[in-house]
Amino acid sequence: MRRSPAPCPPLPRLRWRSWWLTALSAVLAMLAGTVLTGSGAATAAPRAWAPKPPPMTTPWTGHVSVDNPLPEYPRPQLTRPDWANLNGIWDFAVTPADAGRPATFGEQIRVPFVAESALSGIQRRITQHDKLWYRRTFTVPPDWDGRRIQLHFGASDWRTTVWVNDRQAGAVHSGGFDSFSYDITGLLNGGTNTLVVSVWDPTQAGGQAVGKQRLNDVTPHPGGGIFYTAASGIWQTVWLEPTAAAHITRLDLVPDLANARVRVTVRATGTNGHMARVTVSSGGTTVGTATGPAGGTFTVAVPNPRRWSPDDPFLYDVRADLLSGTAAVDSVGSYTGMRSVGLARVGGVLRPVLNGEFVFQTGTLDQGYWPDGIYTAPTDAALRYDLQKHKDLGFNMVRKHIKVEPQRWFYHADRLGLLVWQDMPSMERTPDAAARTQWEAEYDRVIDQHRSSPSLVMWVNQNEGWGQYDQARIADEVKAYDPSRLVDNMSGVNCCGAVDGGNGDVVDHHVYVGPGTTVPSATRAAVLGEFGGLGLKVAGHEWYPGGGFSYEDQPDADRLNRRLTGLLDGIREVRLQRGLSASVYTEITDVENEANGLITYDRQVVKVDEAAVRAANRALIDASRSPAPPVTLPTGQYRSLRVTTPGYTDRYLRHRDGAVFTEVVTAGSGTLLKSDATWRAVPGLADASCYSFESRNYPGEYLRHRDSRVYKEGGSGDLFRADATFCPVRGANGGVRLSAHNFPGQYLRHYGAELWLAVPGGTRAWDSPAHFTEDTTWAVEDPWAP
């Protein structure tokens with residue numbers, strides 16, 4: 001295990017000291033009457049406030065500003081120079097769900113951290129019976145006079161109502177994962193304005209998109225399974241921005257790599273015959289510019305485009321001007337990456353392609369939870385950290401699981417070069433008509449808000465049947481709404497009561513520990529949407545000590561490393577050759593009582609050997625670009641399989657009394673032994689692209705693994721045929737390794753003269769790492785009994 005660089009010491013006692021220093025400095029600052037002003041911050045007058053002690057501190061817990069948390073501009077693909085951050089200390093109250101505005105706000109909360117989190121200063125369970133109330137004051141900077149004032153919310157979960165100076169600002173917003181805005185110009189009073197926000201969040205008691213949130217205790221507790229603490233209320237940045245009356249509201253940028261151009265749509269409000277001009281540049285040099293009607297789609301040439309990819313995440317700068325005649329009445333900055341996404345046949349197999357080329361997509365499940373902020377990363381550096389660790393570990397993809405992150409997360413993915421699969425957060429149960437309408441409308445808004453991110457390559461509509469309905473229709477509609485990306489109608493079609501819509505661009509299985517045997521079809525590429533789940537508990541870094549679980553516990557870091565790299569090697573050696581195109585390892589970090597992360601939940605410890613995991617991922621990606629020719633065996637002919645382990649090379653695979661062993665065979669050996677050591681390779685009983693091995697002297701009986709031991713047996717049925725099928729993998733010095741068809745990455749191995757199905761990094765005696773590769777490599781030789 002390697003500890004990640006951390007400004008906060010990882011030991012529990014020192015973490016508490018860091019927290020108390022942070023709290024003390026916060027109180028002193030407020031007693032001194034600190035007020036934030038200037039660019040990026042709006043005036044507020046906080047009273048005494050302190051954070052609550054989090055169950056675990058991350059390296060960034062003690063670095064969160066009291067009055068100006070998350071100070072970075074929150075919308076990197078639509079930037080303006082003037083803005084004011086409203087994050088910080090707000091007055092706060094909780095009332096019954098059906099109550100009106102409270103007369104007093106008796107608490108304070110640090111926005112944008114949810115009420116359940118320690119960083120909010122509240123750290124309390126919120127249920128469907130509660131309504132959250134927020135209040136703060138602000139003044140509009142005098143140099144904004146004459147412009148319209150927009151009030152933006154990055155996200156608030158779930159039903160949000162906003163008042164400015166006691167008048168409601170626009171419609172109630174329903175949605176927990178999409179941004180929303182109000183023009184509040186007509187509600188301002190010219191002096192100190194009062195902003196009040198109410199939020200009602202029923203979590204799983206409602207019918208809305210909820211993801212993995214559940215109404216659990218907010219402090220560590222046993223259980224919880226794969227569901228976690230709820231996140232209620234404002235959880236992304238709140239901010240003000242001045243604009244012209246006619247101004248740009250969204251900029252859609254869709255690269256058209258084949259034609260060396262980008263399709264642009266400049267969406268705006270308050271327009272009347274306005275035109276839009278879009279300029280694409282690189283390093284300050286214009287590479288293309290074009291003008292078209294606001295709200296219409298036109299193209300900008302990008303000659304000789306430099307392609308965006310994980311290996312070269314090059315981004316072009318973009319500027320959009322809204323024109324009244326020749327004058328620009330509004331201007332925004334943005335960026336784009338030139339890349340294409342699609343499906344193509346590669347070597348006769350349907351594969352996802354990036355820029356026309358197949359590259360295996362190896363990633364992790366990233367759930368985006370934090371022990372101090374829950375749904376909200378404590379700082380922008382923390383938000384970037386998990387993505388950077390993907391790169392450090394050699395992954396080129398991330399599946400954002402049942403949560404939609406702030407736009408800055410996509411900005412970091414775009415800049416770092418990570419392919420993103422974006423899940424639409426699921427509903428708790430099969431929805432009624434109103435819930436379906438709400439979920440689909442929110443999904444459309446999520447697509448709109450992130451459709452210009454070059455890193456985002458696939459939409460994942462539903463997961464494991466949770467709240468499933470109309471899978472095929474939704475997949476078709478999402479594809480029509482955003483044809484520039486792949487669509488996964490259901491991740492985990494083989495799991496948990498899921499019903500495959502039968503369409504979309506991929507067929508997606510979940511297999512723990514895996515990697516399983518997902519295969520492509522004539523119309524869909526094969527992906528492994530979840531696998532792995534290897535667990536390791538790290539003392540001093542557990543959310544609930546002793547409460548963690550995983551899909552397969554590992555006794556120590558060395559075993560975790562060998563097991564993980566063995567899985568990745570198995571995908572490269574076996575499943576890649578059989579048509580698998582992508583895999584998602586569970587998961588990048590521990591989450592509450594899930595202990596199967598590559599990093600602890602507090603981000604203090606990297607559990608695995610980064611160099612070893614990076615090398616395994618790199619080998620997998622390289623193999624997809626330069627595939628080795630398949631290993632073939634002579635079918636219908638008798639052969640003998642010789643051990644290649646030094647010191648044992650005179651031993652051959654033979655059966656005896658129904659079981660299989662290795663034994664020394666020489667020219668002087670008896671006829672029975674020679675026959676027992678002779679096998680006929682035939683097309684695999686379960687997969688004709690692999691092989692089965694029929695006994696020379698017991699026709700109709702085959703090598704077959706059962707409970708990890710290997711036997712010579714006859715039989716029928718799908719299980720027998722799968723157990724008796726082995727896929728060849730290239731070994732050293734011309735040898736062959738034989739992987740179980742139904743357990744890819746597990747190999748025929750001789751151990752103590754017995755034949756076993758062995759797991760790289762496994763915990764059993766026959767999984768021992770000593771001579772593992774040699775013991776699983778066989779020389780295919782002329783038969784002892786022709």
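Trainee: How many cavities of 30 Å³ or more does the structure hold?

Mentor: Good place to begin, and please keep in mind that this is a predicted model. A cavity is a space where the probe fits but cannot get out. Counting those of 30 Å³ or more, the structure holds 12.

Trainee: Which residues lie nearest the centre of the largest cavity?

Mentor: That cavity has about 80 Å³ of space. Its lining of 15 residues divides into six nonpolar, four polar and five charged. Nearest the centre are Glu 542, Trp 543, Asp 590, Glu 592 and Ala 595.

Trainee: Which element gives the most to the lining of the largest pocket?

Mentor: Both strands and helices take part here. Strands E6, E11, E16 and E17, together with helices H2, H3 and H4, each supply at least two residues. By class, the lining has 15 nonpolar, 18 polar and 15 charged residues. The element that gives the most, with six residues, is E17.

Trainee: And from which element does the largest share of the lining of the second largest pocket come?

Mentor: The volume of the second largest pocket is about 650 Å³. Among its 26 lining residues, Gln 577, Pro 627, Ala 628, Pro 629 and Pro 630 are the closest to the centre. At least two residues each come from strand E25, helix H6, helix H7 and strand E44. The largest share, four residues, comes from E44.

Trainee: How many nonpolar residues does that lining have?

Mentor: Sorting the lining of the second largest pocket by class gives six polar and six charged residues. The nonpolar class accounts for 14.

Trainee: You mentioned H6 and H7. Are they roughly parallel or roughly antiparallel to each other?

Mentor: Their axes come within 9 Å and cross at roughly 0°. Angles under 35 degrees count as roughly parallel. H6 and H7 are therefore roughly parallel.

Trainee: How many nonpolar residues are in the contact of H6 with H7?

Mentor: On the H6 side, the contact includes Leu 564, Leu 568 and Ile 571. H7 brings residues including Ala 612, Val 613 and Leu 620. Alongside three polar and two charged residues, the number of nonpolar ones is nine.

Conventions: Residues numbered from 1 in each chain as written. Predicted model: local features only at pLDDT ≥ 70, side-chain atom pairs only at ≥ 80, totals over all residues. Heavy atoms only, no water. Nonpolar A, V, L, I, M, F, W, Y, C, P; charged D, E, K, R; others polar. 1 Å grid on protein atoms, 1.4 Å probe; cavity = no way out; pocket = protein on both sides within 12 Å on 5 of 7 lines; lining within 4 Å. Points joined across faces, edges and corners; volume = space filled by probe spheres on them. Axes fitted to C-alpha atoms, helices over the stretch in contact; angles between N-to-C directions. Parallel < 35°, antiparallel > 145°, perpendicular 65-115°, else oblique. Contact = heavy atoms within 4.5 Å.
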